[in-house]
Amino acid sequence: MKKTLLIIGLLVAGAFSVNAQSISENAIGLRFSGGNGVGGEISYQRGLGDNNRLEVDLGLANEFSDFKATGLYQWVWNLEDRFNWYAGVGGGLVSASGASIFGAGVVGIEYDFNAPILLSLDYRPEVGISGNLSGVNSDISLAVRYQF
């Protein structure tokens, strides 16, 4: 039993050390979304550590008719070589028939090219908290960012 626990402990420790990686300190670009939140956003990411970051998006949503601002805290894990996956939580404001507040989550995958380009695909569910938003709105997006 002790050997089994030791082996499991070593495997878990190895998995965490293998997944340790460094993310870009800054990245800025465009995020194009579909689903309920069709629109485009200017997206900025700021690295807060080796595997977490803050993302701030400003743009137009709901078929380009509403202004939208979103902030997300994200955790990033390495999948393989230059592929990462990430998940996060946050919220924002949207001008859907007046100001509305929403909570948001995100899960996605990204590829870090040898050049300073980051390409990502993610899913973001959003839940209306106040204002004219109700229920869950979802969007799937493609983002291209320049890293510096």
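A salt bridge, as I use the term, is a side-chain nitrogen of Lys or Arg within 4 Å of a carboxyl oxygen of Asp or Glu. Keep that cut-off in mind for what follows. The model on the screen is a predicted one.

Let me begin with E55 and R145. Their side chains meet in a salt bridge, with 3.3 Å from N to O, so the pair falls within the 4 Å limit. E55 lies in strand 3 and R145 in strand 8, so this contact ties together parts that are 90 residues apart in sequence. Both E55 and R145 are buried. For E55, the relative accessible area is 1%.

E55 has another partner. R124 forms a salt bridge with E55, and here the closest N and O atoms are 3.5 Å apart. R124 counts as buried because its relative accessibility is 0%.

Now to R31 and D139. Their closest N and O atoms are 3.3 Å apart, in a salt bridge. Why does this pair tie together parts that are 108 residues apart in sequence? Because R31 lies in strand 1, residues 26-33, while D139 lies in strand 8, residues 136-147. R31 and D139 are both buried.

How many salt bridges does a search of the whole structure find? It finds eleven. Salt bridges that share partners join R31, E41, E55, D57, K68, D122, R124, E126, D139 and R145 into one network.

Definitions and conventions. Residues are numbered from 1 along each chain as its sequence is written. This is a predicted model: local features need pLDDT of at least 70, side-chain atom pairs count only at pLDDT 80 or more; totals for chains, interfaces and linings use all residues. Side-chain values use heavy atoms; hydrogens and water are left out. Helices (H or I, at least four residues) and strands (E, at least two) are DSSP runs, numbered from the N terminus. Buried means under 20% relative accessible area, exposed over 50%, partly exposed in between (1.4 Å probe, protein chains only).
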